[in-house]
Every structure is written in C-alpha cells, then in structure tokens.
Amino acid sequence: RVSPEPAAQWVAAHRERLPAPVLSVRKLSAEFMLTPNKRFALGSLLRGKGRERFRVLNDISFDVFPGDIVGIIGPNGAGKSTLLRAIAGLMPIHDGEIVLRAQHLLLSAGIGARNELTGRENIYLAGTFMGLSKGQIDSLFDEIWEFSELGRSIDKPFKYYSDGMKGRLVFSLATSVSPQLLMLDELLSAGDIKFQKKAADRMEQLLDRAKAVIVVTHSMPFVAQRCNKALL
C-alpha cells in the first residue's frame, strides 16, 4: 500500500513507459428520472414534476490498465451496475467522458437474453452479438452447455429459468470467450455452492486470458485476493 504522494512521484517518473489505459473514465455523472412512469402524466407536467431527476453517478474518475482486475463494491442501489452499463454504452450519461481502447463485453444475469427463446437459442443469439460466427459458436456450444449444468433445460424457454440458472448460463457463455475488457455484473455468485467453486476456478483461467477485468461483486474475499484495484 503506497500513500498518494510517493505514488504520484512514481507515476510522474515512469509515465513515458506506462501502457495506455484500456479504459479511462473522467468526471462521469449520470441521472435517472425520479418517477419515469409519470413522465408524461398531465398532473405531473402541470406541477413541473414530470422531469424530476436524481444523480445516480456523481463525478467518477478512474483508469483501467492492461492487467488490471478492478472490483466494484458497495451497497445495493449505489450505482455499481449503472456504472458498467454506462461504460458499455447501454445508457446515456449526463456529464463526463468515457474512453474505451479495447474490445469490451458486459455480462450479467439475463442481459441481452430473450425470454421467449430457449437457452440453446440464447447462446447462439448472444454469441452473434459478441461477433462470433455460427461455426465458432458450434465449436463452443458443448463446453458452454456442459459447464452450465443445465442438462435438458437447455431447450426450455429462458423465462422459466431461475435466477441461478440464468446466471450459470450467462457465466458459462462469458467465460468461453476472451474479450480484451470483460465486465461481469454479480456473476460470481451464480448457482449453488458447488457451481460457485467451479466458477471460481474458471475465473482464474479467464483472468489470465483477458487484458483487463471489471467485476461488480459482494464477495469481499474475491476483491481482497484477486483484485489489484477497487472502487467503493
């Protein structure tokens, strides 16, 4: 652990030899509608309350360099998942700047999945969105299916999956590819204890392959043992 002044001196002395960050976030702020369901209600518009907002992310700045494993921790509702969605370009930001210099992938339980499609069909859909060809997905399918432990449920509609089943499928898919910047939103706790142990072993392999990783998690042991940076 290095105090800020010596750390700044070291960075200044070695700046020319440091790699460029794969992600730079500067003074990022984002807002949500306070009551989005009443946005166009006549009463709310007349009272001037139809567009009330609250700040969910406020003046956030950080860098992610090659080799970084960044843990994002905090209580529910603190804006952890919102930060990842903003970085991935899935929601507008109010102020600030996000600069991405790497192929990125955000995965959380159910994100991008279609409820009416089966698990099998969702694997092909998600793989297509990741830029994989059908042949590449074909070659990965058996490994994803086996690791997810879904068995015959792979051909059931996604909407009938439990949260644990959804998390297992998404985690299995996520860890079968190697984006340069991988963002995982609370997928470390997917499934039961047995699956979590298997997932932890799989994560070790993934962390060695990915250029950088950002993990939203409530697992303090993972942050303490595997992350070299953390945001609270």
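User: Which helix does Ala-224 lie in?
Analyst: Ala-224 lies in helix H8, which spans residues 220-226. Helices (H or I, at least four residues) and strands (E, at least two) are DSSP runs, numbered from the N terminus. The model is predicted: local features need pLDDT of at least 70 and side-chain atom pairs count only at pLDDT 80 or more, while totals for chains, interfaces and linings use all residues. Residues are numbered from 1 along each chain as its sequence is written, and side-chain values use heavy atoms, with hydrogens and water left out.

User: Why is Ala-224 called exposed?
Analyst: Buried means under 20% relative accessible area, exposed means over 50%, and partly exposed is in between (1.4 Å probe, protein chains only). Ala-224 has 66% relative accessibility, so it counts as exposed.

User: How far apart are Ala-224 and Gly-71 in sequence and in space?
Analyst: They are 153 residues apart in sequence and 9.0 Å apart in space, C-alpha to C-alpha.

User: What makes Ile-69 count as buried, and where is its place?
Analyst: The relative accessible area of Ile-69 is 9%, so the residue is buried. Its place is in strand S3, residues 69-72.

User: How many helices and strands does the protein have, and what share of its residues is buried?
Analyst: The secondary structure comes to 8 helices and 8 strands. Of the 232 residues, 41% count as buried. Contact means heavy atoms within 4.5 Å. Among contacts between residues at least 6 apart in sequence, 72% join residues at least 24 apart.

User: Why is H4 called oblique to H5?
Analyst: Axes are lines fitted to C-alpha atoms, for helices over the stretch in contact, and angles run from 0 to 180 degrees between N-to-C directions. Angles under 35 degrees count as roughly parallel, over 145 as roughly antiparallel, 65 to 115 as roughly perpendicular, and the rest as oblique. H4 (residues 119-129) and H5 (residues 134-148) pack at an angle of about 135 degrees, with axes 10 Å apart. The pair is therefore oblique.

User: Which residues of H4 and H5 meet?
Analyst: From H4 come Arg-120, Ile-123, Tyr-124, Gly-127 and Thr-128, and from H5 come Lys-134, Ile-137, Asp-138, Phe-141 and Ile-144. By class, this contact has 5 nonpolar, 2 polar and 3 charged residues. Ala, Val, Leu, Ile, Met, Phe, Trp, Tyr, Cys and Pro count as nonpolar, Asp, Glu, Lys and Arg as charged, and the others, Gly among them, as polar.

User: What makes H5 oblique to H6?
Analyst: H5 and H6 (residues 163-174) pack at an angle of about 140 degrees, with their axes 8 Å apart. By the angle rule, H5 is therefore oblique to H6. The contact is made by Ile-144, Phe-147 and Ser-148 of H5 with Arg-168, Leu-169, Phe-171, Ser-172 and Leu-173 of H6. The residues of this contact divide into 5 nonpolar, 2 polar and 1 charged.

User: Why is the pair of Phe-141 and Trp-145 called tilted?
Analyst: Rings of Phe, Tyr and Trp (its six-membered ring) pair if their centres lie within 6.5 Å; planes under 30 degrees apart count as stacked, over 60 as edge-to-face and the rest as tilted. By this rule the count comes to 4 aromatic pairs. The ring centres of Phe-141 and Trp-145 are 5.9 Å apart and their planes are at 45 degrees, so the pair is tilted. Tyr-124, Phe-141 and Trp-145 form one aromatic cluster.

User: Are Phe-141 and Trp-145 buried or partly exposed?
Analyst: Phe-141 has a relative accessible area of 5%, so it is buried. Trp-145, at 30%, counts as partly exposed.

User: How do you know that Phe-158 and Tyr-161 form a tilted pair?
Analyst: Their rings are 5.3 Å apart, centre to centre, with 50 degrees between the planes. Phe-158, at 2% relative accessibility, counts as buried, and Tyr-161 is buried at 5%.

User: Why does Asp-59 count as partly exposed?
Analyst: Its relative accessibility is 47%, so Asp-59 counts as partly exposed. Asp-59 is placed in strand S2, residues 53-64, and has a positive phi near 55 degrees.
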